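Hi,

Here is the structure I promised to pass on.

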Amino acid sequence: MIDHLVGRPSPSWKRAQVFLVIFFWLWRIIRGGSGPPRLFWLKSANRFLQKFTPWQLIVSTLTAVYAMRNFDKILGLESPEPLRSLYSPNYYRATWITTGLDAGFATAMSIRPKWLRDICALVFSAYYIAYPNEADEKLRRFRAVPTVEMLRYTWEKTSNPVLRFFTSGPSIAMRKKILLPRPTSSMYRRPITCYIYYADTPGNLKQCTDLILDFPGGGFVAMSPEHHEDRLRMWARGTGKAVLAVDYGKAPEYPYPFAIDEAFDTYQVLVESGGSAIGMSGKKFNVVITSDSAGATLAVNVVLKILEHNNMAHIARKTSMPLPLALVLNYAALDFNFTSWMNEDNLRVLRAEESSGNLPGLRELAKQKDHLKHISPLSMVGDRGSGEIKRHKRIKRNNSWKDTLRGLTTSGSEKEDTSLTSSRKPSLRRMTSGLKTPPGGRIFLRESVENEDSSNDEDKDYTQRKEEDRPLQARVKHVYAHPTPSAAWIKAATEKQEELSAALLEADSEAARAMPFSHADQRKREPIGVRLTMTSRTGYFQDRIISPSMMRAMAILYIGPHRNPDFMTDYHLSPILAPNHLLAQFPPLLMQCGEKDPFVDDTVIFAGRVREAKRARKIELDLAISGKSARFGETLRMSSVDASHAENIAAMKRERDKLARESEDDWVQLVLFAEWSHGYLQMAALIPEAKVVIEDLGEWIDDVFLRYSGKENGEDEGPTAELGFTKPASPRRELKSNNNKRQPSPFTSETENDDSGIIFRLYKGRSDQTRKSRCEN
């Protein structure tokens, strides 16, 4: 209550209040005698309570306190529960434990030394698991102004030795940290840190040709492969393949696009060496890229950069880079176009007003919006306790008519020594000259910040401070002085391709409508949403795993101080904006997400855009081959300018035949888990169904290697049958004995709806059902 009376909420005031209450009652017990004070009916109540034993008094007191704290629930006056019916029971229990752990670890974050911090984190976590409401409130306050240390310590909680014992996953023969050199064409020299997981001996690794390349999530800020080992070890043991997880550079030390370039450099090193850089055979190299959350952004960008590299190599008559066999994206974060950003027009007006000095206090407002000058990316006030010299701003009164008359009758030297009012600086007088002054001059304004007070933070020396006490921009280790050499070329080429694509679609629109479509395309589909449909980020703002404040903090940290991206067009920052001519060339995709995930829109929209791009590409090829496209000719994106017309037609026919053999499920498979949200791959120890999901992913990856690497039936081309969770018989399965066949899980059942084209698989837990639906866009 003290902080409310003072008008300045502060942890120090709350702590002072607690100590005052404790000291008062201790003094009252020690010095006040055995009886109560002579006040009202307290003596009568004391005589009555002497009939009970001390144990009865203690239990009765605790019960009364508990009843008073929950008085609104007793009367049915409590607030509504926003998470009611949002999650499945198993997932809700997992979020309850996760929230308690996060609150406990955040509370113990500042304790030193490390061994004591680890012990206290577990003790505090046990308390917050027992009191979940306090855990929610504690975590809400921490997440309101999150720091990098808070995000890392709470998300990397499996580094705690006790938790690591329960979440490390199955044992494997090989688990090793390795460093990879950068390719010669890279602009970076920092080695790439990776972790390799293999269930067999290093000698057998030399015979391997298949690799699972994983980019783990962590909000671009935290978490290494060590914090995702549960699924990595399960895949290594279940598939028999080598698993390589990349520990890419994290923000704010390595801001955008460092992690994207590092992911692409990793892929390039592996392809150029044929896998020998990590001890594989080096003769043949097949790779499936897996990822989750922020790592999915990197995985998609690897494919985008491969396609851009191949387009440039095709023009220069150089060797192209092979694509991965498939991509596995789990709860992908693919869109940074939050409504939180100020658009360029509004930002321009704000800058103009700041420089003109027309509005009082605008300089302070502009400084508040420089988020990277604070310790927390969401802080809107100056950092306290970080070694800054506190500057007290004086309160000044605007000039009244009496002050004006007094100023006219005094000398210049006297004006220097007059009251607080007459010492106002000219800059502030100009800022307030347009304001109407009421009688008595009762307008109060804060003094403008001096020019010397607003000196650039870059000139300050932060080396004497601890890492966690430095502003975010002072923590950046990789500084981008100039854009990448190919950025201008790629932008110009992309704009040209988009222009040609728009002209092509306009010319072919009538011919495309005349083309026959399948019955599936003619089915009437229900419209989704209305004009006021909210995004999933807004609709699920109460999510217990990913809150809106954490999304904004991660975005600010990831982008960093050196980039001013266009959120509407930068498809490397937001892969959901990738142009159609690149999406049409994507390898097979498996996308999974919880249907209550704030990022579920990213998954559904990206899957739909890939399907649309491939459909449009197929129509383009049909029209071009049949000669119905008047504007197509030799300007086809995938053809060379100097290639002959016959070679172009042959290349188009090969591409058209490949697309014709594939179904839409070969392009993209979309799996949504009912009543689940974010991060379920890391909850295998808490959710039995999550372990089944990881096992199913391993089987899907195993089948990808069989079908797409040319091992099945000796085929080198693309797949000829649907690749999904309901798998047809394959030679691999026929080679296995009946005893070794994986039997259907007791957790699963499957139904199919022919009319809607949706296949449901139900995950039956002890008291809930989690539905996986493979949806057709």
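Below is what I found, starting with the whole chain and then going place by place.

A word on the ground rules: this is a predicted model, so local features need pLDDT of at least 70 and side-chain atom pairs count only at pLDDT 80 or more, while totals for chains, interfaces and linings use all residues. Residues are numbered from 1 along each chain as its sequence is written, and side-chain values use heavy atoms, with hydrogens and water left out.

**The whole chain**

The protein chain has 29 helices and 13 strands. Of the 777 residues, 44% are buried, where buried means under 20% relative accessible area, exposed means over 50%, and partly exposed is in between (1.4 Å probe, protein chains only). The chain exposes about 42200 Å², and 56% of that comes from carbon and sulfur atoms; the areas come from the Shrake-Rupley method with a 1.4 Å probe, and for residues only the protein chains shown count as cover.

Contact here means heavy atoms within 4.5 Å. Taking contacts between residues at least 6 apart in sequence, 75% join residues at least 24 apart.

**H6 and H7**

Two packed helices are described by the angle between their axes and the distance between the axes. For H6 and H7, the angle is about 135° and the axes are 7 Å apart. The axes are lines fitted to C-alpha atoms, for helices over the stretch in contact, with angles from 0 to 180 degrees between N-to-C directions. H6 and H7 are therefore oblique to each other; under 35 degrees would be roughly parallel, over 145 roughly antiparallel, 65 to 115 roughly perpendicular, and the rest is oblique.

Residues of H6 that meet H7 include Trp 96, Ile 97 and Phe 105, and on the H7 side Phe 124, Tyr 128 and Ile 129 are among the partners. In the loop between H6 (89-107) and H7 (114-130) you will find Pro 113, which is joined to Arg 112 by a cis peptide bond with omega about 0°.

**Other backbone spots**

Another cis peptide bond runs from Ala 251 to Pro 252, with omega near 5°. Pro 252 is in the loop between strand S4 (242-246) and helix H13 (258-273).

Met 223 is not a glycine, yet its phi is positive, near 75°. Met 223 sits between strand S3 (210-215) and helix H12 (229-239), in the loop, and is buried at a relative accessible area of 5%. Glu 675 also has a positive phi, near 65°. Its loop runs between strand S10 (668-673) and helix H28 (688-708), and Glu 675 is partly exposed, at 27%.

**Links across the sequence**

Tyr 571 belongs to the loop between helix H23 (548-559) and helix H24 (580-583). With 8% relative accessibility, Tyr 571 counts as buried. Which side chain does Tyr 571 join in a polar contact? That of Glu 308, at 2.4 Å. A polar contact is a pair of N or O atoms within 3.5 Å; within protein, one must be able to donate a hydrogen and the other to accept it, and residues adjacent in sequence count only if both atoms are side-chain atoms. Asp 335 is 236 residues from Tyr 571 along the chain, with their C-alpha atoms 8.8 Å apart.

Lastly, Ala 624 in helix H25 (residues 600-626) is buried at 12% relative accessibility. From Ala 624 to Ile 649 is 25 residues in sequence and 8.2 Å in space, C-alpha to C-alpha.

Cheers

Definitions and conventions
Helix = DSSP H or I, 4+ residues; strand = E, 2+ residues; numbered from the N terminus.
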